[in-house]
Amino acid sequence: MASSVTEKAVPCCSSESPELAVSDWTQHPEDPAHNALPLHPVKVLPGSPPTTPAPKGIPIMVKPHTSHPLDPLSAAEISVAVATVRAAGATPEVRDGMRFIEVVLVEPDKHIVALADAYFFPPFQPSLLQRTKGRPIILGKLPPRQARLIVYNRKSNETSVWIVELSEVHASTRGGHHRGKVISSKVVPDVQPPMDAVEYAECEATVKNFPPFREAMKRRGIEDMDLVMVDPWNAGYYSEADAPSRRLSKPLVFCRSESDCPMENGYARPVEGLHILVDMQNMVVLEFEDRKLVPLPPVDPLRNYTRGVTRGGVDRSDVKPLLIIQPEGPSFRVDGHFVEWQKWSFRVGFTPREGLVIYSVSYLDGSRGRRPVAHRLSFVEMVVPYGDPSEPHYRKNAFDAGEDGLGKNAHSLKRGCDCLGYIKYFDAHYNNFTGGVETIENAVCLHEEDHGILWKHQDWRTGLAEVRRSRRLTVSFICTIANYEYGFFWHFYQDGKIEAEVKLTGILSLGALQPGETRKYGIMIAPGLYAPVHQHFFVARMNMAVDCKPGEAHNQVVEVNVKVEGPGKENIHNNAFYAEEELIRSEMEAMRDCNPHAARHWIVRNTRTVNRTGQLTGYKLVPGSNCLPLAGDEAFFLRRGAFVKHNLWVTRYAPDEMYPGGEFPNQNPRVREGLATWVQQNRSLEEADVVLWYVFGVTHIPRLEDYPVMPVEHIGFMLMPYGFFNCSPAVDVPPNASVLDHKEDGMSTKAISNGLIAKL
């Protein structure tokens with residue numbers, strides 16, 4: 001089903017015409033910023049290409065731009081970046097050894113984004129630009145896009161970072177010979193980059209072909225290697241033996257029972273007692289020990305999760321169809337990667353490491369125009385520590401974003417299963433290990449959802465009632481990391497809220513038991529099978545921009561705690577409590593934890609913008625359910641993951657501070673790298689460009705009902721307007737439409753709610 005795409009007839013975004021008419025500046029009359037565009041000549045910075053004055057002093061943009069500065073790299077751009085770096089290799093041996101871990105966009109400075117959003121791309125808002133003597137400063141063209149590449153050399157075991165300019169991408173893809181321009185390159189010592197799917201497949205083949213491994217499996221009654229599943233796990237860092245001078249993996253092994261059933265749940269039969277260490281650079285087994293013979297769990301008739309007949313059961317037959325249709329199309333508009341919906345606007349991005357990225361979030365607020373809320377939102381890391389101290393479970397501490405990549409493990413989503421309704425999909429392009437381009441079709445899903453009641457009130461005197469249905473816009477992607485699935489969602493609401501949500505599902509990582517054995521650190525869920533206790537931690541990085549134009553740094557963070565008034569003359573009825581605010585003045589003060597007893601939350605405020613009551617405008621972060629790590633302070637995974645020790649960190653924006661455990665957590669020997677080190681600078685936060693790092697998690701005590709497949713578990717948090725609006729923005733949501741059709745038996749209805757129809 002096609003998406004609703006609004007085509008903007010703006011020549012500087014189109015290859016059809018280089019001219020810019022004055023009338024093109026008034027395409028958005030609802031935004032007063034457009035009407036405020038000065039009609040005198042505009043200053044052009046030195047070095048810009050010549051422009052031809054248009055009527056009334058508006059410059060003509062000579063060269064069109066086809067990609068917004070924040071658009072994800074196209075397949076062509078990735079190819080050019082890889083070819084440029086490969087061609088720059090010093091020797092044939094260097095070029096032959098290059099393996100490409102990541103190719104991503106170099107995100108430009110915020111003033112470049114402001115320029116693009118003012119004159120070249122929607123939302124076409126010149127008021128975003130900073131002014132000099134009352135006039136905006138603009139360039140005649142945007143600077144060339146750049147790519148950043150992480151390259152691993154398989155022959156030298158070196159990791160390097162390259163910056164490539166992509167100014168001639170389109171000429172190259174039409175057969176030209178120019179491959180871009182290397183801006184910089186450097187070798188990063190003492191690190192290991194993330195692992196790749198190609199390496200995982202090679203590792204599995206290497207282990208399966210290792211004679212001692214085949215003998216060990218034969219001792220367990222397995223001779224058919226097609227039944228064996230070898231899951232390479234990153235080695236982590238536990239001693240100098242795990243130092244990044246070698247590229248290491250310590251695989252886990254599982255075994256299916258039927259070779260003719262590829263959908264069988266092999267994770268239900270873990271192979272215990274084996275110690276395997278693989279050199280991933282040279283693909284050789286370095287260490288192998290068959291330390292303990294633990295029988296494979298018996299074949300369990302409940303182990304499978306596929307349709308009824310394949311798991312020996314019967315599917316439910318009483319589930320009736322439920323169809324979500326929108327006969328007039330969706331309420332959102334999409335132009336490239338720019339999305340507008342119910343006064344919200346933002347850009348959709350994607351990286352191999354983070355997956356979905358949301359840029360330039362703003363809200364169109366009547367006469368106040370388009371008001372920024374956040375510059376960049378994403379999930380930047382997750383850690384899954386297990387609580388069983390026995391081998392091999394103590395080393396299950398996956399850093400799934402930094403060691404593998406959430407984006408490059410994303411699914412191709414399916415309509416009717418992953419998403420319902422009128423859907424706009426975004427494809428994602430990323431590089432593979434050898435430098436080719438892979439495309440995940442339908443990687444990101446954009447759609448509307450009915451979300452129950454938005455608000456309601458009935459006047460008891462008159463009996464008259466008003467009620468509004470809530471609609472939300474959801475942007476999401478789902479990825480698989482080994483046995484687990486994670487869905488990452490950003491929900492935008494009509495009342496100005498933004499919700500971040502993670503949905504956990506998939507299959508538990510299990511262990512085998514000796515006959516008669518029980519484990520203190522897990523739950524027996526089937527004969528000979530147990531599930532260790534563990535935790536999941538996620539990190540949302542939010543570069544906020546509450547009422548801040550690009551280049552402005554006028555935000556601060558306030559912590560709010562509810563206090564109980566003590567007995568006394570101010571509280572003679574002993575019922576008093578109040579909210580107390582405390583300004584977080586510096587980064588060392590900003591390491592905070594949730595406190596549900598005090599209803600603790602945090603407000604990001606603009607220090608120079610007030611609402612009609614004179615209060616500073618803001619957005620507050622409201623925690624959902626959360627936890628802190630239950631491992632001891634000296635746990636090895638906390639050396640690399642010190643950021644999970646607190647639920648909230650706040651830092652002053654720095655472009656190179658992107659990942660809370662540092663850029664290379666794989667086999668990282670350095671203690672407290674990333675957030676825990678950056679905050680030692682103790683930069684001021686009293687008025688700054690602030691970044692919130694919210695760490696939220698769940699402690700998973702498995703149940704029998706989590707086997708063979710784990711039903712979805714939801715965790716997350718909310719960003720809510722706090723004095724940002726002068727009144728509730730939900731008050732102008734239109735009333736519900738009437739029911740179109742209703743059968744007398746009450747068992748079948750067709751209803752319409754703000755244009756969203758549900759057929760039951």
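Buried, as used in these legends, means under 20% relative accessible area. All views show a predicted model.

View 1. With a relative accessibility of 1%, V383 counts as buried. Leaving aside residues up to four places away in sequence, V383 touches A398, F399, Q535, H536, F537, F637, F643 and V644. The C-alpha atom of V383 is separated by 6.5 Å from that of D400, although these two residues are 17 residues apart along the chain.

**View 2. The largest nonpolar core, seen around F492**. This core has 78 residues, and those with the most contacts inside it are F492 and M544. Its largest share, 6 residues, comes from strand β21, which spans residues 370-385.

**View 3. The largest cavity and its lining**. A search of the whole structure finds 3 cavities of 30 Å³ or more, and the largest of them has a volume of about 330 Å³. Its lining is made up of 28 residues, of which S360, P372, H375, C548 and P550 lie nearest the centre of the cavity. Two or more lining residues are given by each of the elements α4 (110-120), β19 (344-351), β20 (355-364) and β21. Sorted by class, the lining of this largest cavity holds 14 nonpolar, 7 polar and 7 charged residues.

**View 4. The second largest cavity, between domain 2 and domain 3**. About 130 Å³ of space lies in this cavity, and of the 15 residues that line it, L252, V253, V271, E272 and P392 are the closest to its centre. Strands β12 (252-255), β13 (270-271) and β14 (274-279) each supply at least two residues of the lining, and β12 gives the most, with 3 residues. The lining of the second largest cavity divides into 10 nonpolar, 2 polar and 3 charged residues. Because domain 2 (197-290) and domain 3 (332-507 + 534-552 + 625-700 + 709-722) both give residues to this lining, the second largest cavity lies between them.

Definitions and conventions. Residues numbered from 1 in each chain as written. Predicted model: local features only at pLDDT ≥ 70, side-chain atom pairs only at ≥ 80, totals over all residues. Heavy atoms only, no water. Core = buried A, V, L, I, M, F, W, Y, C linked by side-chain atoms within 4.5 Å. Buried < 20%, exposed > 50% of the residue type's maximum accessible area, 1.4 Å probe, protein only. Helix = DSSP H or I, 4+ residues; strand = E, 2+ residues; numbered from the N terminus. 1 Å grid on protein atoms, 1.4 Å probe; cavity = no way out; pocket = protein on both sides within 12 Å on 5 of 7 lines; lining within 4 Å. Points joined across faces, edges and corners; volume = space filled by probe spheres on them. Nonpolar A, V, L, I, M, F, W, Y, C, P; charged D, E, K, R; others polar. Domains from an automatic or database assignment. Contact = heavy atoms within 4.5 Å.
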